[in-house]
Amino acid sequence: MAPITLRANCKINLSLRITSVLPGGYHTLDSFFLPLPEPYDLVHITPGESDGLALSCSDPELDPRDNTLTRAYGLYAEIHSFSPPIALRLEKGIPSGAGLGGGSSDAAVLLRYLNKVAPQALDATTLNSVATQVGADVPFFLQDRPCRVRGIGDILEPCTQGETVFWLVLVCPKVKVSTSWAYAAWDALHPFSASHDLTRQESEAKEMHFCFHCINDLEEAVFPAYPELARIKHEFFQQGAAAAVMSGSGASQIGLFRDQHAARNAAVFFRGKGMRAYCHTALC
């Protein structure tokens with residue numbers, strides 16, 4: 001087994017609607033995911049000196065015993081009975097608690113790698129099932145293309161892209177937002193949602209268009225607790241954005257611009273305030 005370095009890209013949510021709350025507290029969504037080439041993580045894999053997975057990470061907050069990578073490795077080994085000795089070094093570039101799916105992307109990269117080096121690869125359906133057990137966003141990263149994502153993340157529909165070019169600015173503040181906290185905070189604002197079906201919201205999304213609406217239901221729960229995030233969204237509009245929205249459960253924010261010059265100026269503006277900012281193009 002030769003050493004290899006794999007790149008794990010991030011994703012953003014250009015919309016996120018909560019459509020129902022299932023028994024046990026799980027939420028179903030209707031969301032539009034867009035993969036972005038940066039920020040990204042690097043997964044360095046070398047032959048291991050002992051059986052199983054030996055994991056280290058540039059982020060000291062990562063628990064090397066329980067995370068998406070160890071779960072992906074363990075579930076793949078359980079399903080396939082294939083557990084090669086590997087040493088994995090995770091170099092974090094995607095900030096944690098940012099709503100960018102870094103942990104899910106890392107897991108998807110590892111699953112694809114294991115399936116490539118296994119004596120007999122799992123079929124796509126089985127691999128997708130393993131990914132779903134690791135985390136709700138992992139199946140999306142196996143596809144890594146614009147998708148409408150529904151259910152608990154297990155219903156993926158590739159999105160059509162329009163012909164209008166927008167410039168997308170992704171801002172990553174230093175704030176971290178816990179996904180479990182964000183959904184619990186939303187539940188507290190909607191105490192009857194567990195007994196009511198909210199799937200009527202899905203009927204609003206009739207077009208398979210990945211820039212649909214730019215609405216995130218979790219903002220009403222997250223912004224009051226993190227007013228600096230609401231301020232970033234307001235500043236996007238001051239900078240000339242046509243639309244702005246929080247990605248996932250936060251803390252990252254996205255602004256869509258019709259003008260390239262305005263987008264680049266906005267990225268410079270946010271970097272000047274000590275935040276990471278990335279400028280991409282998007283077809284809408």
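The structure is a predicted model, and every value below was computed from it. Helix H2 and helix H3 come within 11 Å of each other, judged by their axes, and the largest pocket has a volume of about 1,400 Å³.

**Packing of H2 and H3**

- Helix H2 covers residues 102-117 and helix H3 covers residues 124-134, and their axes cross at roughly 150 degrees.
- Because angles over 145 degrees count as roughly antiparallel, H2 and H3 are described as roughly antiparallel to each other.
- The crossing of these two helices, H2 and H3, is right-handed.
- On the H2 side the contact is made by Ala107, Leu111 and Asn115, while H3 contributes Leu127, Val130, Ala131 and Val134.

**The largest pocket**

- The lining of the largest pocket is formed by 50 residues, and those nearest its centre are Thr68, Gly101, Ser104, Asp137 and Thr179.
- Two or more lining residues come from each of strand S1 (4-21), strand S2 (27-47), helix H1 (68-80), H2, H3 and helix H5 (179-189).
- This lining of the largest pocket divides into 18 nonpolar, 22 polar and ten charged residues.

**The second largest pocket**

- The second largest pocket has a volume of about 210 Å³, and 15 residues line it, with Pro95, Ser96, Pro173, Lys176 and Arg276 nearest its centre.
- Its lining consists of seven nonpolar, three polar and five charged residues.

Key. Residues are numbered from 1 along each chain as its sequence is written. This is a predicted model: local features need pLDDT of at least 70, side-chain atom pairs count only at pLDDT 80 or more; totals for chains, interfaces and linings use all residues. Side-chain values use heavy atoms; hydrogens and water are left out. Axes are lines fitted to C-alpha atoms, for helices over the stretch in contact, and angles run from 0 to 180 degrees between N-to-C directions. Helices (H or I, at least four residues) and strands (E, at least two) are DSSP runs, numbered from the N terminus. Angles under 35 degrees count as roughly parallel, over 145 as roughly antiparallel, 65 to 115 as roughly perpendicular and the rest as oblique. A crossing is left-handed if the near helix is turned anticlockwise from the far one by less than a right angle, and right-handed if clockwise. Contact means heavy atoms within 4.5 Å. On a 1 Å grid over the protein atoms alone, a cavity is a set of points where a 1.4 Å probe fits but cannot get out, and a pocket is an open set with protein on both sides within 12 Å along at least five of seven lines; lining residues have an atom within 4 Å of a point. Grid points are joined across faces, edges and corners, and a volume is the space filled by probe spheres set on the points. Ala, Val, Leu, Ile, Met, Phe, Trp, Tyr, Cys and Pro count as nonpolar, Asp, Glu, Lys and Arg as charged, and the others, Gly among them, as polar.
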